[in-house]
Amino acid sequence: MRHLIDPMDLSVEELDDILTLAEKMYENPEKYMDVARGKKIATLFYEPSTRTRLSFESAMLDLGGNVIGFSSANDSSVSKGESVEDTVRTVGCFADVIAMRHPNEGAPKLASMYSPVPIINAGDGGHNHPTQTLTDLLTIRKEKGRLGNMTVGLCGDLKFGRTVHSLIKAMSRYEGISFVLISPEELKVPEYIISDVIKPAGLKYEEVTSLEDNMGKLDMLYMTRVQRERFFNEADYVRLKDSYILDDKKMKLAKEDMIILHPLPRVNEISPAVDDDPRACYFRQVKYGKFARMALISRLIGLDV
Ligand code: CP
């Protein structure tokens with residue numbers, strides 16, 4: 001039985017296989033509309049979500065399967081004190097696969113040690129978000145036609161942004177990637193990402209504070225929200241929240257074929273005026289996410305596709 005807790009749980013070959021299947025599903029969804037008949041996914045969300053939960057549920061429904069779960073710990077026996085271990089042992093009696101989001105780093109990993117069915121990490125604290133990474137990689141492949149040989153800018157809250165950590169891990173395995181890490185000093189990427197991921201891969205990287213000065217060199221810009229829910233202190237959040245705002249003026253400094261991704265939700269870091277720019281991929285990215293999750297579910301529960 002396989003789980004997906006960290007993006008590195010998948011080899012590059014497995015990742016490419018999932019992305020290829022997702023592309024086939026995107027091109028020809030009717031072919032897959034009944035392949036999971038009789039199967040169920042449980043979405044156990046201990047933290048709020050719009051895209052990830054609804055995307056998992058749409059993915060299973062579009063495969064012909066069914067959905068159970070809770071969207072808040074308050075709606076389940078978690079509110080009576082039930083542990084993650086007991087919760088997944090219970091839900092594993094009803095479902096074929098479980099997608100779990102939890103505010104505590106490592107909770108989905110713990111769940112995987114007790115679950116009778118595959119666990120998918122749908123985001124754990126500020127740690128990892130591997131299915132957002134599948135979404136991001138599928139978006140880059142669809143929009144740029146490749147996953148290697150590009151300069152990748154990541155901008156905003158690189159400290160608490162779990163999507164950033166997972167994407168850097170996954171992209172570090174492709175040829176010719178260089179990273180431009182754009183953040184305020186206080187929100188720099190955690191040191192382990194540099195020492196354990198980027199440096200061992202022998203990749204070029206720079207840590208900078210100015211978005212304007214670096215726009216022109218980027219092939220892809222990954223904007224992120226400052227993660228209010230991870231701050232200990234509201235004053236620090238207020239001081240840092242508008243550190244970067246991508247607007248039309250900054251877009252004039254970018255390459256004609258640069259793409260903009262954002263895991264969403266957006267707060268103030270991309271001006272709505274940018275949404276109509278053909279380089280803005282973030283709403284197409286949401287759509288790709290459903291197909292990435294359809295492919296992942298299919299592989300984890302062993303569908304014949
Ligand atoms: N990208 C993402 O994880 O969005 P949600 O928090 O809405 O699921």
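How many cavities of 30 Å³ or more does the count come to? In this predicted model, the count comes to 1 cavity of 30 Å³ or more. The volume of the largest cavity is about 60 Å³. Its lining is made up of C155, G156, M223, T224, R225, V226, L240, K241, D242, S243, Y244 and E269. Sorted by class, the residues that line the largest cavity comprise 5 nonpolar, 3 polar and 4 charged.

We can turn next to the largest pocket. The space in the largest pocket amounts to about 390 Å³. The pocket is lined by 21 residues, and those closest to its centre are R101, R162, R225, L264 and P265. Two or more residues of this lining come from each of the helices α2 (51-62) and α6 (162-171). In terms of class, the lining of the largest pocket holds 4 nonpolar, 10 polar and 7 charged residues.

Around the ligand are S49, T50, R51, T52, R101, H129, Q132, P263 and L264. This shell is made up of 2 nonpolar, 5 polar and 2 charged residues.

From the side chain of S49, an N or O atom lies 2.6 Å from an oxygen atom of the ligand. The side chain of H129 likewise has an N or O atom 2.9 Å from a ligand oxygen. At P263 the backbone takes part instead: one of its polar backbone atoms is 2.8 Å from a nitrogen atom of the ligand. On its own the ligand has 260 Å² of accessible area, and the protein covers 91% of that.

A further set of polar contacts is found at S210. This residue is placed in the loop between β7 (204-208) and β8 (220-223). Its side chain makes contacts with two backbone nitrogens: that of E212 is reached at 3.5 Å, while that of D213 lies 3.0 Å from a polar atom of the S210 side chain.

Methods: Residues are numbered from 1 along each chain as its sequence is written. This is a predicted model: local features need pLDDT of at least 70, side-chain atom pairs count only at pLDDT 80 or more; totals for chains, interfaces and linings use all residues. Side-chain values use heavy atoms; hydrogens and water are left out. A residue is near a molecule or strand if one of its heavy atoms lies within 4 Å of it. A polar contact is a pair of N or O atoms within 3.5 Å; within protein, one must be able to donate a hydrogen and the other to accept it, and residues adjacent in sequence count only if both atoms are side-chain atoms. Accessible areas come from the Shrake-Rupley method with a 1.4 Å probe; for residues, only the protein chains shown count as cover. Ala, Val, Leu, Ile, Met, Phe, Trp, Tyr, Cys and Pro count as nonpolar, Asp, Glu, Lys and Arg as charged, and the others, Gly among them, as polar. On a 1 Å grid over the protein atoms alone, a cavity is a set of points where a 1.4 Å probe fits but cannot get out, and a pocket is an open set with protein on both sides within 12 Å along at least five of seven lines; lining residues have an atom within 4 Å of a point. Grid points are joined across faces, edges and corners, and a volume is the space filled by probe spheres set on the points. Helices (H or I, at least four residues) and strands (E, at least two) are DSSP runs, numbered from the N terminus.
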